[in-house]
Amino acid sequence: LSLPTIADAKRAVKYNFLLTSCLLVMVGWLGLVLYATYSSCDPITAHQVRTKDQVLPLLVLHVAADIPGLPGLFMAGVFSGSLSSVSSGLNSLAAITLKDFIPEQRLSRMNNIQQALLTKIFSAIFGLLGYSMTFLIRFMPGMLEAAMIIGGVINGPIIGVFTAGMLLPWINSCGVLGGFLGSVLISTWIATGGTVYKQHMPYQSLTAPAYPSNISGCPPDWLTDHNQSVVAE
């Protein structure tokens with residue numbers, strides 16, 4: 001929908017695959033750096049950070065705190081990358097909604113200005129929905145787990161819609177939409193129940209390695225809050 005030809009679209013998908021693969025390799029390498037840096041000093045156990053999402057900013061402050069402007073530049077890059085991904089996703093959702101959910105007869109009677117205005121309204125609605133989801137983050141251990149839960153809730157029904165469209169030629173749009181919404185509701189119920197249940201009775205694996213809680217290599221000033229909490233307990 002956003003490129004002039006199919007060949008350009010295929011080329012964009014290939015470039016996206018290569019760049020995404022490089023990004024995943026860099027993120028995995030960053031995880032190895034985090035593990036190597038804090039293998040003998042867990043920041044969460046030492047009460048330097050509260051959640052796993054805060055470990056990477058702590059690493060930046062820990063390593064580059066003496067370089068003026070670099071920590072702020074890093075955080076600005078993180079937020080800029082996130083906002084650019086969110087904005088492009090909202091615009092894509094708005095364009096797809098305009099193309100697939102507005103009847104063709106009504107769409108043909110609208111001029112370009114009206115279609116652009118309706119697209120902006122859809123983008124604002126999706127933005128408000130996404131913003132409302134941020135209030136649920138505080139009930140979860142971190143952003144990664146929240147993203148995995150939300151992705152699991154949505155991706156399964158989407159795969160079901162595409163599979164039904166390819167393999168079941170006798171179904172119509174009402175059946176697909178009803179099945180998608182029903183799948184989302186059931187997946188949301190399962191994900192919400194699992195999250196709430198895990199808060200009251202955490203799952204203890206018998207085979208997974210223990211959570212890293214070594215603080216033997218922490219600086220003395222990092223252990224002040226930890227020692228105070230131990231004494232209070």
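Is Ser-123 buried or exposed?

Analyst: Ser-123 is buried. Its relative accessible area is 14%. The cut-off for buried is under 20%, so Ser-123 falls into that class. Keep in mind that this is a predicted model.

Where does Ser-123 sit? It is found in helix α5. Helix α3 spans residues 70-101. Hold on to that helix, as it comes back below.

Stay in α5 for a moment. This helix covers residues 112-133, and Leu-118 lies in it too. Leave aside the neighbours of Leu-118 within four places in sequence. Leu-118 is then in contact with Leu-98, Ile-102 and Met-110. Pro-4 is 114 residues away from Leu-118 along the chain. The C-alpha atoms of Pro-4 and Leu-118 are separated by 22 Å.

Next, follow α3 to a helix it packs against. Two packed helices are described by the angle between their axes and the distance between the axes. Helix α2, residues 55-64, packs with α3 at an angle of about 155°. The axes of α2 and α3 are 9 Å apart. An angle over 145° counts as roughly antiparallel. The helices α2 and α3 are therefore roughly antiparallel to each other. Their crossing is right-handed.

Which residues make this contact? From α2 come Leu-56, Pro-57, Val-60, Leu-61 and Ala-64. They meet Leu-70, Pro-71, Phe-74 and Met-75 in α3. By class, the contact of α2 with α3 has nine nonpolar residues, no polar ones and no charged ones.

Helix α2 has another partner to look at, namely α1. Here the angle is about 70°, and the axes of α1 and α2 are 11 Å apart. Angles of 65 to 115 degrees count as roughly perpendicular. So α1 and α2 are roughly perpendicular to each other. The crossing of α1 past α2 is left-handed. On the α1 side, the contact uses Leu-30, Val-33, Leu-34 and Thr-37. On the α2 side, it uses Val-55, Leu-56 and Leu-59. The residues in the contact of α1 with α2 are six nonpolar, one polar and no charged.

What lies between these two helices? His-47 has its place in the loop between α1 and α2. His-47 has a positive phi of about 60°, although it is not a glycine. His-47 is also partly exposed, with a relative accessible area of 39%.

Now go along α1 itself, which runs over residues 6-37. Side chains of opposite charge can pair when their charged atoms come close. A search of the whole structure finds one salt bridge. Asp-8 forms this kind of pair with Arg-11. The closest N and O atoms of the two are 2.7 Å apart. Both residues lie in α1, three residues apart, about one turn of the helix. Asp-8 is partly exposed, at a relative accessible area of 24%. Arg-11 is partly exposed as well, at 39%.

Step back to the segment before α1, where Thr-5 lies. Thr-5 is partly exposed, with a relative accessible area of 40%. Val-196 is 191 residues away from Thr-5 along the chain. Their C-alpha atoms are separated by 47 Å.

Helix α6 covers residues 143-167, and helix α7 covers residues 173-200. The axes of α6 and α7 come within 9 Å and cross at roughly 155°. So α6 and α7 are roughly antiparallel to each other. Their crossing is right-handed.

The α6 side of this contact is made by Glu-145, Ile-149, Val-153, Pro-157, Ile-158 and Val-161. On the α7 side, the residues include Val-176, Phe-180, Ser-183, Val-184 and Lys-198. By class, the contact of α6 with α7 has nine nonpolar, four polar and two charged residues.

Note on methods:
Residues are numbered from 1 along each chain as its sequence is written. This is a predicted model: local features need pLDDT of at least 70, side-chain atom pairs count only at pLDDT 80 or more; totals for chains, interfaces and linings use all residues. Side-chain values use heavy atoms; hydrogens and water are left out. Axes are lines fitted to C-alpha atoms, for helices over the stretch in contact, and angles run from 0 to 180 degrees between N-to-C directions. Helices (H or I, at least four residues) and strands (E, at least two) are DSSP runs, numbered from the N terminus. Angles under 35 degrees count as roughly parallel, over 145 as roughly antiparallel, 65 to 115 as roughly perpendicular and the rest as oblique. A crossing is left-handed if the near helix is turned anticlockwise from the far one by less than a right angle, and right-handed if clockwise. Contact means heavy atoms within 4.5 Å. Ala, Val, Leu, Ile, Met, Phe, Trp, Tyr, Cys and Pro count as nonpolar, Asp, Glu, Lys and Arg as charged, and the others, Gly among them, as polar. A salt bridge is a side-chain nitrogen of Lys or Arg within 4 Å of a carboxyl oxygen of Asp or Glu. Buried means under 20% relative accessible area, exposed over 50%, partly exposed in between (1.4 Å probe, protein chains only).
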